[in-house]
Structures are given as structure tokens and as C-alpha cells.
Amino acid sequence: MYLHLGNDVIVNMNNVIGIFDMDNTTVSHQTRGFLAMAQKNGSVTDTTEDLPKSFVVAREKGETKVYISSLASRTLLKRVKSGKIII
């Protein structure tokens, strides 16, 4: 099953480690450090031109990838639970 994150970016659900709300999780120093390190390593894909609302962490080909999305984490979770690809 695949999850559409916005702007024609789709990720395989088998690779998803977690879906996180941007506002709630970036309060933590650890999360901010993780996102900064991922950005420095070139592992971040920004799928939005709008205000980011969530990020998805996935493991692809042995590497950790971070996808920034303008979709709320709740919306992404609903898509996961529905089992449909929504484009």
C-alpha cells in the first residue's frame, strides 16, 4: 500500500516508520536535532510550498528519509486506515 504525501510524492507504507505532527513534535530538542541532521545529510524531501503540518519518517534502501508535508498528520493517518491511495 502507498501513501500520498502531497505534490505527487508517494511513499510505500511498508517503509514508513512514523507520521508526526510538526507543531507537537518540534517542541523537543531531540526532534529538532533529528530534523536538522536529516536536512544536513540531504535526507529531507519537502513536498509542500505551504506551511508544513507534518513529517513522515521512512526507511528506504537502508537510509532514513524524512518527508515534510502540508497535510495534517491526522489526514495522513486517515489515508493509511482507509487503505486507499488518494491523489
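**Exercise 1. Find which residues of helix α2 are buried, and decide how they are arranged around the helix.**

*Solution.* Let's start with the list: Thr31, Leu35 and Ala38 are the buried residues of α2. Keep in mind that we are working with a predicted model.

Next, look down the axis of α2: the buried residues fall within an arc of 60°, so they line one face of the helix.

Now turn to the other side of α2, where His29, Gln30 and Lys40 are exposed.

Finally, ask what the buried residues pack against: the partners are α1 (22–25), β4 (44–46), β5 and β6 (63–69).

**Exercise 2. Compare the span of α2 with the expected span.**

*Solution.* Helix α2 covers residues 29–40, which makes 12 residues. The expected span is 1.5 Å times one less than the number of residues. From its first C-alpha to its last, α2 reaches 16 Å, close to the 16 Å expected. After the helix comes Gly42, with a positive phi near 75°.

**Exercise 3. Work out the order of the strands in the sheet and place the helices on it.**

*Solution.* Four strands form an open sheet, in the order β3-β5-β6-β4, with mixed pairing. The edge strands are β3 and β4, since each pairs on one side only. From one strand to the next, the twist averages 20°.

Helix α3 (residues 73–82) lies across β3, β5 and β6, running at about 145° to β3.

**Exercise 4. Classify the aromatic pair, and say whether each partner is buried or partly exposed.**

*Solution.* The count comes to one aromatic pair. Its members are Phe20 and Phe55, with 5.1 Å centre to centre and 20° between the planes. Planes under 30 degrees apart count as stacked, so this pair is stacked.

Where do the partners sit? Phe20 is in strand β3 (residues 16–21) and Phe55 in strand β5 (residues 54–60), so the pair links distant parts of the chain, 35 residues apart.

For the last step, buried means under 20% relative accessible area. Phe55 has 2%, so Phe55 is buried. Phe20 has 30%, so Phe20 is partly exposed.

Notes. Residues numbered from 1 in each chain as written. Predicted model: local features only at pLDDT ≥ 70, side-chain atom pairs only at ≥ 80, totals over all residues. Heavy atoms only, no water. Phe/Tyr/Trp six-rings, centres within 6.5 Å; stacked < 30°, edge-to-face > 60°. Helix = DSSP H or I, 4+ residues; strand = E, 2+ residues; numbered from the N terminus. Buried < 20%, exposed > 50% of the residue type's maximum accessible area, 1.4 Å probe, protein only. Arc of directions from axis to C-beta. Contact = heavy atoms within 4.5 Å. Pairing = 2+ DSSP bridges. Axes fitted to C-alpha atoms, helices over the stretch in contact; angles between N-to-C directions.
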